[in-house]
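Visitor: I would like to learn how to read this fold. Where do we begin?

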Amino acid sequence: MIILAIDTGNTQTTFGIFRGKRLAGTAHLPSSSLLKSEHARKRIFQFLQKESISEKMLAGVVISSVVPACTKTLAFIANKYLHREPVIVSGSLDTGLRIR
């Protein structure tokens with residue numbers, strides 16, 4: 001199972017490919033470069049190509065982001081171009097864990 005994980009902070013975004021439980025590859029870029037969807041799409045596909053992964057091989061996409069504009073762009077790309085409904089990790093995600 002191959003998962004694309006995306007972690008977006010205020011200054012940097014990290015892409016990761018998980019093959020099962022193993023982190024198989026990463027890439028880093030400035031978060032500001034994700035604000036335009038066409039540029040973000042190109043960067044994601046370049047990363048997937050570098051890792052020899054087609055969008056059809058992806059079992060899923062997970063997005064963790066503190067930048068709402070980037071979250072929206074990344075979710076759009078996951079849906080439209082990767083054909084996957086992303087899991088958005090946020091405080092409202094029901095993980096089944098009780099946090100005190």
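**Salt bridges and the sheet**

Guide: Glu-51 is buried, at a relative accessible area of 15%. Buried means under 20% relative accessible area, exposed over 50%, partly exposed in between (1.4 Å probe, protein chains only). The model is predicted: local features need pLDDT of at least 70, side-chain atom pairs count only at pLDDT 80 or more, and totals for chains, interfaces and linings use all residues. Residues are numbered from 1 along each chain as its sequence is written, and side-chain values use heavy atoms, with hydrogens and water left out.

Visitor: Which side chain meets Glu-51 in a salt bridge?

Guide: A salt bridge puts a side-chain nitrogen of Lys or Arg within 4 Å of a carboxyl oxygen of Asp or Glu. Here Lys-50 meets Glu-51 (2.9 Å, N to O). Lys-50 is exposed, at 54%.

Visitor: How many salt bridges does the structure hold?

Guide: It holds 2. Glu-38 and Arg-41 also meet in one, at 2.6 Å, N to O. Helices (H or I, at least four residues) and strands (E, at least two) are DSSP runs, numbered from the N terminus. Glu-38 and Arg-41 lie 3 residues apart in helix α1, so about one helical turn separates them. Glu-38 is partly exposed, at 37%.

Visitor: In what order do the strands form the sheet?

Guide: Two strands pair if DSSP finds at least two bridges between them. The 5 strands run β3-β2-β1-β4-β5 in an open sheet with mixed pairing. β3 (22-30) and β5 (87-89) are at the edges with a single partner strand each, so one side of each lacks a neighbour in the sheet.

Visitor: How many bridges join β2 and β3?

Guide: They pair over 8 bridges, in the antiparallel sense. Phe-15 has Ala-27 in β3 as its bridge partner.
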